[in-house]
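Dear colleague,

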Amino acid sequence: MTTVDRSGSTSKSIAQLQSDVANFVSDRDWEKFHAPRNLAIAITVEAAELIDLFKWSADRAGIKKLMPGLRDELADVMIYCLSLCNQLGLDASEVIEAKLAKNNTKYPVERYKGRWR
Ligand SMILES: [Mg+2]
């Protein structure tokens, strides 16, 4: 399902993206390669590619220059996260909502606003 946010831009729901990722993998018969362990490793590799963009040049180059690479690597991380949810039979939206609820309990605003501990 496509939604319109406050800025007027359209975007797909997480459920639709999770389904798109499942179809992408299935169309290529890649499920056999997408064992949870392999996907967890792939997430870590893609996260390393993301952080690698900041290595050495980030402060001087500025974030704008890094944006194309950041977009790609963020997408890679999120796509593998959605694929891992698919392989584990998890609803990505539900997983995120549940963890945000835990975080809200763990880090109440009145105690943590402007503080990290
Ligand atoms: Mg990548």
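This is a predicted model: local features need pLDDT of at least 70, side-chain atom pairs count only at pLDDT 80 or more; totals for chains, interfaces and linings use all residues.

Residues are numbered from 1 along each chain as its sequence is written.

The protein chain holds six helices and two strands, where helices (H or I, at least four residues) and strands (E, at least two) are DSSP runs, numbered from the N terminus. Along the sequence their order is β-β-α-α-α-α-α-α. Of the 117 residues in the protein chain, 10% are buried, a word used when 20 or more other C-beta atoms lie within 10 Å of a residue's own, with exposed meaning 12 or fewer and partly exposed in between, the C-beta atoms being placed from the backbone.

Two packed helices are described by the angle between their axes and the distance between the axes. For α2 (36-52) and α4 (residues 63-88), the angle is about 165 degrees and the axes are 9 Å apart; here axes are lines fitted to C-alpha atoms, for helices over the stretch in contact, and angles run from 0 to 180 degrees between N-to-C directions. The pair α2 and α4 is therefore roughly antiparallel, since angles under 35 degrees count as roughly parallel, over 145 as roughly antiparallel, 65 to 115 as roughly perpendicular and the rest as oblique. Among the residues that meet are Leu39, Ile43 and Leu50 in α2, and Leu70, Val77 and Leu84 in α4, contact meaning that the C-beta atoms, placed from the backbone, lie within 7 Å.

How do α1 and α4 cross, and at roughly what angle? Their axes come within 9 Å and cross at roughly 80 degrees, and α1 and α4 are therefore roughly perpendicular to each other. In this contact, Leu17, Gln18, Val21, Ala22 and Val25 of α1 meet Ile79, Leu82, Ser83, Cys85 and Asn86 of α4.

Lastly, Asp29 lies in the loop between α1 (14-27) and α2, and Asp29 has a positive phi of about 55 degrees although it is not a glycine. Is Asp29 buried or exposed? Asp29 counts as exposed, because it has 8 C-beta neighbours inside 10 Å.

Note on methods: Two residues are in contact if their C-beta atoms, placed from the backbone, lie within 7 Å.
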